[in-house]
Amino acid sequence: MTRWIGEGIDSLEEIDARVIAPIVAPRLTWRWWLAFAFSGSLTLLMIGTVTWLFVHGIGIFGNNTTIVWGFPIANYVWWLGIGHAGTLISALLLVTRQKWRGSLNRFAETMTLFAASMAGLFPIFHLGRPYYLYWIVPYPNVQGLWPQWRSALVWDLWAVGTYITFSALFWYAGLIPDLALLRERAKTRLARRIYGVFALGWRGSLKHWEVHTRFYRYMAALAVPLVVSVHSIISLDFAASLEPGWSDTIYPPYFVVGALYSGFAMVVVLAAALRWACSFEPFITVNHFEMIGRVLLMASIIMGVSYASEWLWSWYGGERPERHLVAFLFTGPYAPLYYCQLLFNVVVPQALWFRRVRSNIAAVVIISIVINIGMWLERILIVWATLSRDYLPSAWRIFLPTFWDWALLFGSLGAFMFLFMLFVRVLPALPAHELRKLWIEERGA
Amino acid sequence: MTVLAEFSTAQAATDAVAAASRAGHPARDVLSPVPLEGTAEHLAPYAKGKIGWVMFVAGAVGGLAGWFMQWYSAVVDYPIISGGRPMNSWPAFLLVPYEAAILSMGVVGLLGWMWMCGLPKLFHPLFAAPIVERAVQDKWLLVFESADAHWARAHLGADAVHEVRE
């Protein structure tokens, strides 16, 4: 039987001490400060870009009359997809009783919260008049207006709003016992009080545990269909249109698998960073990377089949615009990006067939970064290619991103990293109580 | 007066809870750093929270409310003809009830769980015993009423026994 907690952990106390070490006894090396300053600067860049956007309007982006969605919607889809892996790791692996979720679920769920928040910002920025955002929310108003329920924008609000709220509840429910641990272990009186308030007075009562276990499982069982629905709805933004390449029944599952794929890849990157920066080697083991490697491999095959089926049905369907779109992807101005997408998402991950590659953390991390870039290219090209070549040849144009497009993308990456670094310093990045349970089961203590 | 019998492994605590129950002196509660599945059966009888039903009802109400809101707004209060589709475009209206049901289940589930556990309760009389802070870390504490205190001391073989004056 595979052990998910490595050697060198001899007591429950050691688990707690290691898990909370980044909070109570952080190693603030120059590398940490450098990364913190780097991500903080990018966050400032994002704030600056958004301010300029609000002052000047969306004309600062490369969006034109044809490619109206440009970067913002593609980035929205990409970020949201990354978020989904957190929920899938946490909920799907709980429902299917996979023990290896134990070390990964807390920071993966946190990744979900931050990535989904970044995602949620992009459509708002892309609204020409973001200050009218509340118009898509049903609220009593003097004009007697209601949202248009057949609009994909309204669906997005419900999907993403529900998703972020539900993920936060699920995350908090799992965090409570660990907040109680910090209530007892934090260094200052003020910190103990703050953790104490959020721990709600948790005292580990078995009666509370009993309801908590059932409640948490039900939440997990709800989270899985929720994730599937969210990215399916996002895919309907595209599939419910009549555009070539978008109006396609494969879109919902194709988007969900793509989300799982890019999200798991991001989990690998974060897991490796945490393992290295916080000395979590006993908890995030090579076995974990090996396991995620298999998930990535499976997802890459499904992505390959999805791409191939798009080609097949474009050809077999016989619609000229559909066929033209595929030809445009392979031969048009975006072709280099498209070849990179296929290489990064389908070809490179095949290396994961080999156990030697899957068991090499550096290799899995590099492949994961490549996958993240590949998936970003995919989201970008889904938006660009179809809009560049739809039914009306006189409207054919291509998209060229501006400085502000890149600034917002990298700014959001920096803000994500910045939030994650803050999280590691104030909340336990690994679930101490689940690791205790896992350790007891594995060691039979 | 309440008595806390201290154990340092999950197995010892689980065995002790079962033994106390068999001997007719069931523990009132156990403070544990991890969930102990199946052990709650051996505690002194208490009303188990029906969290599943609470969540189910919340989901049904939330879903129906989401549906009703769309139907009322799109058919009665603010009908718009959009692409010639019927006012009550039910396939397009499935999304909101679905999300509303899940959201209601999540929100009511967390609040329901807190209500069933009597949380938040930042101070509890048991916190008076210093050992209780270990119960969220690495010790298991069986809670006995004063009537069972003498038995617990004599028969359980706990690592230590602590008294709490509530």
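Q: What should I know before reading the numbers?
A: The model is predicted, so local features need pLDDT of at least 70 and side-chain atom pairs count only at pLDDT 80 or more, while totals for chains, interfaces and linings use all residues; pLDDT is the predictor's confidence in each residue, from 0 to 100. Residues are numbered from 1 along each chain as its sequence is written, chains are lettered from A in the order in which they are written, and side-chain values use heavy atoms, with hydrogens and water left out.

Q: What's the volume of the largest pocket?
A: About 1300 Å³. A pocket here is an open set of points on a 1 Å grid over the protein atoms alone, with protein on both sides within 12 Å along at least five of seven lines, and lining residues have an atom within 4 Å of a point. The volume is the space filled by probe spheres set on the points, which are joined across faces, edges and corners.

Q: And which residues sit closest to its centre?
A: Of the 40 lining residues, A:Val269, A:Leu270, A:Ala273, A:Met417 and A:Met421.

Q: What about the second largest pocket?
A: That one has a volume of about 600 Å³. Of its 22 lining residues, the closest to the centre are A:Leu94, A:Arg101, A:Arg217, A:Lys437 and B:Glu37. By class, this lining has eight nonpolar, six polar and eight charged residues.

Q: Switching topic, how many cavities are there?
A: Two of 30 Å³ or more; in a cavity, a 1.4 Å probe fits but cannot get out. The largest has a volume of about 60 Å³, and its lining includes A:Trp146, A:Arg150, B:Ser73 and B:Tyr78.

Q: Now A:His126: why does it count as buried?
A: Because A:His126 has 15% relative accessibility, and buried means under 20% relative accessible area (1.4 Å probe, protein chains only).

Q: What else is A:His126 in contact with?
A: Leaving aside neighbours within four places in sequence, its contacts (heavy atoms within 4.5 Å) include A:Ile58, A:Asn63, A:Trp69 and A:Pro72.

Technical notes
Buried means under 20% relative accessible area, exposed over 50%, partly exposed in between (1.4 Å probe, protein chains only). Ala, Val, Leu, Ile, Met, Phe, Trp, Tyr, Cys and Pro count as nonpolar, Asp, Glu, Lys and Arg as charged, and the others, Gly among them, as polar.
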